[in-house]
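User: I am new to this structure. Please take a close look at one part for me: the contacts between the chains, and then the packing on one side of them.

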Amino acid sequence: MLEIKDLHASINGKEILKGINLTIKDGEVHALMGQNGAGKSTLSNVLVGHPAYEVTQGQAIYNGQDLLTMKPEERSHAGLFMSFQTPIEIPGVSMVNFMRAAVNEKRKYRGEEPLSASAFLKLMREKRAIVELDSKLANRSVNEGFSGGEKKRNEIFQMAMLEPTFAILDETDSGLDVDALRIVAEGFNKLRTPQTSALVITHYQRLLDYLKPDIIHVLIGGQIVKTGGPELALEIDEKGFDWIKAEAGL
Amino acid sequence: MENLNSEKQYIDLYQSCSDIIAEHSSEVMNALRAEAFEKFCKNGFPTQKVERYKYTDVPEAFKPDYGLNIKRLNIPVNPADVFKCDVPNMSTLLYFVVNDEFYTKAMPKTGLPDGVIVGSLREASKLHPELVSKYYGKLADTNDSVTALNTMLAQDGLFVYVPKNVVLDKTLQVVNILRADVDLMSNRRVLIVLEESAQARILFCDHAADDRNFLTTQVIEVFAGENSSLDIYELEETHEKNTRFSNLYVSQQAYSNVLHDSITLYNGTTRNMADFNLDGQGAEIHSYGCAITDSSEHIDNNTVISHNVPNCQSDQLYKYVLDDKSVGAFAGLILVKKDAQKTVSQETNSNLCVSKEARMYTQPMLEIYADDVKCSHGSTVGQLDEMALFYMRQRGISEAEARRLLQNAFCSQAIEQIRLEPLRDRLHMLVDKRFRGELNKCGGCKGCK
Amino acid sequence: MEEKNEFVKKVASQKYEFGFTTDVQTEIIEKGLNEDVVRLISAKKNEPEWMLEFRLRAFRYWLTLEQPEWGHLDMPEIDYQAISYYADPTKKKDNNGPKTTDEIDPELMKTFDKLGIPLEERLALAGTAVDAVMDSVSVKTTFKETLLEKGIIFCSISEAIREHPDLVKQYLGSVVPYRDNYFAALNSAVFSDGSFVYIPKGVRCPMELSTYFRINARETGQFERTLIVCDDDAYVSYLEGCTAPMRDENQLHAAIVEIVVNENAEVKYSTVQNWYPGDENGKGGVLNLVTKRGHLRGANSKLSWTQVETGSAITWKYPSCVLQGDNSQAEFYSVAVTNNYQQADTGTKMIHIGKNTKSTIISKGISAGKSQNSYRGLVKVGTNADGARNYSSCDSLLLGSECGAHTFPYMDIHNNTAIVEHEATTSKISEDQLFYCNQRGIPTEDAVGLIVNGYAKEVLNKLPMEFAVEAQKLLSVSLEGTVG
């Protein structure tokens, strides 16, 4: 269970998050909606420990662990995974080496032996199938020369490899065509277990059609101003955000 | 002259011992000593005011008192004992040069193709004086005082000759072993001649067997005949007490293809100079280098690629990773002479400074006198990509491991250019070990233990 | 091919537009250089004792120096005793120079009119104040009074030495000390005139300030000295222009420009250099040996050098920036065009000392004829310059097979948090581009002008608008038809 209490965060001295309160129980999928600049990506980056953001106040507790004092890799080992809005290109580092390092570090954290080369490659093959990722891509440098859709598929592939318990999908649907969106979303659903929870950031209903979130939050000006069931997303899809602003007196 | 101290010991040495030096060498090599001595006396060691020596203090490097083995006394050595870093999956013809003496006691058993000569430069110049004298000293410019000093003191080294149309399938691996019980200066001389359409690959590995101060000058002259193909890989894995001055001179005839990759993994003070002359149309030079330094190591690569005729190509890539208080310097000049139209040339130097005290001096230069050319260069000094680091850490990779992966990736570009897969793999592994700080535990070199 | 050769010939014979001379009675002191000459210059300018002392110190130091050797320049021998160090075309009665336009020799007025620099304020380019300098003397400074209302001092350096000694004493030689180099020492000893600008705290200079330098007299040297001080939170944009008559012998122009930029202040310095470049055989022309440097003293200060260099037989100048204030930012934008036998060796030095300092270098070299054009630059990041950032891009365009284009960047990095990037390319105008233009009905001559201007656009855009137009014309004229 993730519990966020009165979280304030800023970047370059500018406050973006102004007191976030949010609880996500195991197995739940929450969607976070809001206009550009509302602080959605800031919240996800703060949760996974992006060094550019400074937390000025508040708490984030995940399964009893104080996330905010942990290094990014420790948060990853604790089960947090973020699908980046813009996945980073790392020239010269092959996907295989990258994933092998990540998988084995996680195993080390769990006190398991590193995977043998053949076992690892077998695992890669299995997980690649989930998002229909071309085997050629696995031999390239991380995200280098990948199309927009391939990068997003690659994110979900990495999620499959690392089996997180809490996934953050930061605009994973942006820039995807209908087929790619289906592959990514179905891939994600296949990976879900009754324990997996997720925070999904999106502007669009079509991703939510696949992911079927339990709870919808609307973020405006660094605060969650409205929370509701799945029907809230439909209403936003139809009417936009202005009515929520008006309701909140903004 | 202000640096008289540094020069004086070498002038005195030559004046008092020129007979002994000559006695233990060959006529061909002796023929050039007097002129080189004259030039050395005239020019002295270059100070840092001399543009090409801006970044390395030559007089200081030559100041200490080193022993020289001019009488060619036998220095006991068991190369197999010293050298364990062989390359798996690569069958090479293995040769040793101990200090500056070709080691005749451990030669490969496999025969070489007809006409191919690999062996002692001194002996070759006695057996084939006409062949050697046709090339010896023809490229090496004694106006450079390090070359002058080498020419006046060198007594032996390596000679490689590949006749017309002969292809050497196996890589020649030449292990330069520094071995002495006192501080030692060596002057090694290498001459490589490939006739028309000949092909060869040579891998030089520098190792230090003793924890002594070593000073080495090395002059390599390379003649690549028409349509020939030559790879030269130089791998330095010595120790902090080693000072290396290497001057490489290459002349390439039409449609020849030369690849030079200079990798400095572990060293003290290293100054590598390389002059590539594209003398025949359609010639190609690929000049690569990679250096990983820490503590107070010093690496200075200085290259000139001279496009003397039209339609030649050059590309160059040098990568440095500098840690601790180490100092890196790179100066690369692409010179395109007046009639060298249709030249295509590209030069890149990228550097990572990993510590606060590391310093980098970089100087990519273009000097162009022909208009129909495509030339470019780029140079960067910076750090690892912070976003890439974060991305990797989000996937659970520790910061140290992420840094190492990125540094490896950074260097791999210069290693990927190697045209020999087993060697490429071996170097990837060595670079990785170097970043893990395990290289000095390989047991190969006594100095590292 | 035939057509192109014609074209090249035509360009080679292109006349230098500003090569006329002014027939004006000029007081020229005897040729030669010694302490008496230094004293005489100082006396002619009615200078205070401290200024004479400054000159003498510099002169004595200069005597101990030898002219430097030139990396890439073929420099004719300069006979420092064959030059007159002071030429005054204003024929003035008193030593304070003419006060109103009425007192100025009509020939001089005509000259500046002809150069497109009207000295009557009513005719002036909108929003530009001018200090007009001919040979060793400032002829007139326009809009002085208007500017003074805001506390801005804009006058000749000679006047500033007399009227604002405290400011001059404080800043003169503080950015470029006379010991800096051979020509800095020479200039400090014999400098003639130039401009002085002081922008007080918090003032945004309401108009462009500009100095127009003109060499007229024969066998004289011009030793311009300019000092710009921009105090906290102030802003100024300054432009210099220069021309000279066509003469068979080389003329020496050895200038110093010093700029001080205090906290949050911003200075833009633009140069359109069009000294006489010599004839098509390389005879004559101005030797332009200049030390220009800005000191970004204050935090968040900004300095931008923009230069369009088309003239001079030899150009040797490296407008530089010392980025001392934290977060200070410096820019260097340059277009250098060489034709015939011209030689240009120009670039910049960016010395990063303060934290989070940023510098940008954009250099475009265009070589034609038998000319040599070099970029030479240094980016140095000091040990304490955490977070320093530099981006350099140096491109060369070759028009013709007998010219040279060279790039010599130096990067000395002593800080691991710095990011320094340099890139350079050398190429020629592609046949495809020309053909494409031709197919669309644009003659080769115009196409080259078009392409070169496009190539230089990034730099030209940095000039104040009126001058951008002038510079654009200048580029086309300097290069018309040089396609090889």
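Analyst: Contact means heavy atoms within 4.5 Å. On that basis, the contact between chains C and B takes 34 residues from chain C and 35 residues from chain B. The model is predicted: local features need pLDDT of at least 70, side-chain atom pairs need 80 or more, and totals for chains, interfaces and linings use all residues. Residues are numbered from 1 along each chain as written, chains are lettered from A and ligands numbered from 1 in written order, and side-chain values use heavy atoms, without hydrogens or water.

Start with the pairing of chains. There are 2 pairs of chains that touch, and the pair of B and C has the most contacts. Chains A and C do not touch; 14 Å separates their nearest C-alpha atoms.

Now the pair of C and B. Together these chains bury about 2800 Å² (accessible area, 1.4 Å probe, lost on being put together and summed over both). Carbon and sulfur atoms carry 48% of this area. On the side of chain C, three residues stand out: C:Tyr410, C:His414 and C:Asn416 supply 21% of the area that chain C buries against chain B, more than any other three residues. Between chain C and chain B there are also 2 salt bridges (a Lys or Arg side-chain nitrogen within 4 Å of an Asp or Glu carboxyl oxygen). One salt bridge joins the side chains of B:Asp372 and C:Lys428, at 3.9 Å from N to O.

Next, chain B against chain A. Here 17 residues come from chain B and 30 residues from chain A. The two chains bury about 2000 Å² between them, and 67% of that lies on carbon and sulfur atoms. B:Phe390, B:Tyr391 and B:Arg395 give 38% of the area that chain B buries against chain A, more than any other three residues. This interface has 2 salt bridges as well. The side chains of B:Arg393 and A:Glu73 meet in a salt bridge, 2.5 Å from N to O.

Chain A has its own packing. Take helix H4 (residues 117-130) and helix H6 (residues 148-162) of chain A. Their axes come within 9 Å and cross at roughly 130° (lines fitted to C-alpha atoms over the stretch in contact; angles from 0 to 180 degrees between N-to-C directions). H4(A) brings A:Phe120, A:Leu123, A:Met124, A:Lys127, A:Arg128 and A:Ile130, while H6(A) brings A:Phe157, A:Ala160 and A:Met161.

H6(A) also packs on helix H7 (residues 178-191) of chain A, with axes within 10 Å that cross at roughly 10°. These two helices are therefore roughly parallel (under 35 degrees). From H6(A) come A:Lys152, A:Arg153, A:Ile156, A:Met159 and A:Ala160. From H7(A) come A:Ile183, A:Val184, A:Gly187, A:Phe188 and A:Leu191.

Last, the salt bridges overall.

Methods: Helix = DSSP H or I, 4+ residues; strand = E, 2+ residues; numbered from the N terminus. Parallel < 35°, antiparallel > 145°, perpendicular 65-115°, else oblique.
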